[in-house]
Amino acid sequence: MSKLEIKLVKSPIGRLEKHQKTVEALGLKKVGQTIVKESNPAILGMVRAIDFMVEVKEVE
């Protein structure tokens with residue numbers, strides 16, 4: 001399976017509570033932080049919900 005590199009580029013402060021919880025569930029805490037997750041339907045759905053706050057790259 002491929003992996004996704006997810007970077008938080010906008011703050012979740014002042015956003016909807018469900019967006020804040022999605023950011024937290026992905027494990028992102030600070031703006032500029034990058035994480036690597038396996039690409040699966042659950043992660044892709046989370047990323048799609050907060051696509052305006054994150055940058056996503058596919059890594060091998």
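Predicted model: local features only at pLDDT ≥ 70, side-chain atom pairs only at ≥ 80, totals over all residues.
**A walk from V23 through the fold**

Residues are numbered from 1 along each chain as its sequence is written, and side-chain values use heavy atoms, with hydrogens and water left out.

V23 belongs to the largest nonpolar core, which has 12 residues: L4, I6, L8, V23, L26, L28, I35, I43, V47, I50, M53 and V54. Such a core is a set of buried Ala, Val, Leu, Ile, Met, Phe, Trp, Tyr and Cys residues joined through side-chain atoms within 4.5 Å. Buried means under 20% relative accessible area, exposed means over 50%, and partly exposed lies in between (1.4 Å probe, protein chains only). At least two residues of this core come from each of β1 (3–8), α1 and α2 (41–49), and β1 gives the largest share, three residues. These elements are DSSP runs numbered from the N terminus, with helices (H or I) of at least four residues and strands (E) of at least two. In soluble globular proteins, nonpolar side chains tend to be buried together.

The buried residues of α1 are H19, T22, V23 and L26. Looking down the axis of α1, you find them within an arc of 100°, so they line one face of the helix; the arc is that of the directions from the helix axis to the C-beta atoms. An α-helix has 3.6 residues a turn, so residues three or four places apart point the same way. On the other side of α1, E17, K18, K21 and E24 are exposed. The buried residues of α1 pack against β1, β2 (34–38) and α2. H19 itself, in α1 (residues 17–26), counts as buried because its relative accessibility is 13%. Apart from neighbours within four places in sequence, H19 is in contact with A49, I50, F52 and M53. Just after α1, G27 takes a positive phi of about 95°.

Next comes the sheet. Three strands form an open, antiparallel sheet in the order β2-β1-β3. β2 and β3 (54–59) stand at the edges with a single partner strand each, so one side of each has no neighbour in the sheet. Two strands pair if DSSP finds at least two bridges between them. Five bridges join β1 to the antiparallel β2, and in β2 the bridge partner of I6 is I35. α2 packs on the sheet and touches β1, β2 and β3, with its direction at about 25° to that of β1; axes are lines fitted to C-alpha atoms, for helices over the stretch in contact, and angles run from 0 to 180 degrees between N-to-C directions. β1 and β3 pair in the antiparallel sense over six bridges, and in β3 the bridge partner of E5 is K57.

The two faces of β1 are worth a look: L4, I6 and L8 form a covered face, and K3, E5 and K7 an uncovered one. In a regular strand the side chains alternate between the two faces of the sheet.

Our last stop is S39, in the loop between β2 and α2. S39 is buried, with a relative accessible area of 13%.

Key:
Contact = heavy atoms within 4.5 Å.
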